[in-house]
Amino acid sequence: MEVVVTGASGNVGTALRRVLGARSGTRVVGIARRVPASGHWVRCDLGDPTAEDLLTRTFTGVDAVVHLAWAIQPGTDEPAMRRTNIDGSARVLRAAERAGVPHVVVASSVAAYSPGRRWERVGEDWPCGGVTGSAYSEQKAELERMLQDHPNVARVRPCAVVQPDAAGEVERWTMSPLLPTSLAGRWWLPVPLWSGLRLQLVHAQDVARAIALILRERAVGAFNVASEPVLDADELARAFGGFRVPVPLPLAHAVAWPTWRVGLQPLHPGWLRLADRAALVDTGRLRALGWAPRHDARAALEEFVEALAAGRGTWGPLAPGGARRWRRLGWGRPARQDQGGDR
């Protein structure tokens, strides 16, 4: 079996290459903008208007394509999010159709869902209207609308995905360079979070196993992916530090906006809005296919925080910041692209 994976150097892509690579008789070809010196890789910028022809040639004759490439929290010096996420996804789908690929799996997200009731789970039939004010959510919802024209495609909708190998990447996306990563997990560290926050987590390896199962079964349609339990604000605070400092969400927004705007920290308040309003999901459909997570959400988070404090990460996009983290400051300008949404 030959599988082409776009975004193969990212968080889920790294885990999927491990899972599929361990299976006898499976060949994985990775597509990414930045590729290592060895292995089966194709260098391609999906946002480039000429990429469709290269993708079509790469997809021809393969058994499946897994589309994971997505610009989640790009820097201001990187290609625009929409160029990669929407234009690039359209090129992948057209190229797969032109090449006659028999099975396509696309990574969407629980962020594509419209907000649900705070503590109730939603199934795959919940509306994908996104969360207004979050660019990530709104573009995932637009991807879902795009996929309506491709009914025989599998859609994987994971919640927040963590693994130790991605600690460096997530640190760059979320933490100010002024805050040492070694503080993560210290018992005395206060963590400001608002009441009512709840979060679903899943280990990247479990997402990869879900995709591998979908490939094996040639399954189509939508599948939610999440582990148990749902974590509340106090549990999150205990994982990242010692105790929670209750902070109202409007105050967190008020602090996040100016500090993002002048480049002191990378987290746009649009991410806070998404974290507060993202729907909780039910995973019954995927479990009926035979999947079950091997990593408890609490254990996955603890493992991730340990890696964050230790400065772990792999090559390329997952690499940690290192000793020159201060260079990621914006020096009066945002260091990351606007996450405030398109509406």
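Biologist: Is Pro266 buried or exposed in this model?

Modeller: This is a predicted model, in which local features need pLDDT of at least 70, side-chain atom pairs count only at pLDDT 80 or more, and totals for chains, interfaces and linings use all residues. Residues are numbered from 1 along each chain as its sequence is written, and side-chain values use heavy atoms, with hydrogens and water left out. Buried means under 20% relative accessible area, exposed over 50% and partly exposed in between, with a 1.4 Å probe and protein chains only. Pro266 has 6% relative accessibility, so it counts as buried.

Biologist: Thanks! How many Å apart in space are Pro266 and Trp173, C-alpha to C-alpha?

Modeller: Pro266 sits in the loop between α8 (249–261) and α9. Contact means heavy atoms within 4.5 Å, and beyond four places in sequence Pro266 has contacts that include Arg172, Trp173 and Arg336. Pro266 and Trp173 are 93 residues apart in sequence, yet their C-alpha separation is 6.0 Å.

Biologist: And Gly123, how does that count by relative accessibility?

Modeller: Gly123 belongs to the loop between β6 (121–122) and α4. Leaving out residues up to four places away in sequence, Gly123 touches Tyr113 and Asn224. With 21% relative accessibility, Gly123 counts as partly exposed.

Biologist: How many residues of α4 are buried?

Modeller: Happy to look at that helix. Helices are DSSP runs of H or I with at least four residues, strands are runs of E with at least two, and both are numbered from the N terminus. Elements covering the buried residues of α4 include α3 (81–99) and α9 (269–277). The helix is largely enclosed by the rest of the structure, because the number of buried residues, out of 13, is twelve.

Biologist: What distance does α4 reach from its first C-alpha to its last?

Modeller: Helix α4 covers residues 135–147 and has 13 residues. The expected span is 1.5 Å times one less than the number of residues. That expectation is 18 Å, and the helix comes close to it, reaching 18 Å.

Biologist: Stepping back, what is the radius of gyration of the protein chain?

Modeller: The protein chain has eleven helices and 15 strands. The globule rule, 2.2 Å times the number of residues to the power 0.38, goes with a radius taken over C-alpha atoms. For 343 residues the rule gives 20 Å, so the chain is as compact as a globular protein of that length, with a radius of gyration close to that value, at 19 Å.
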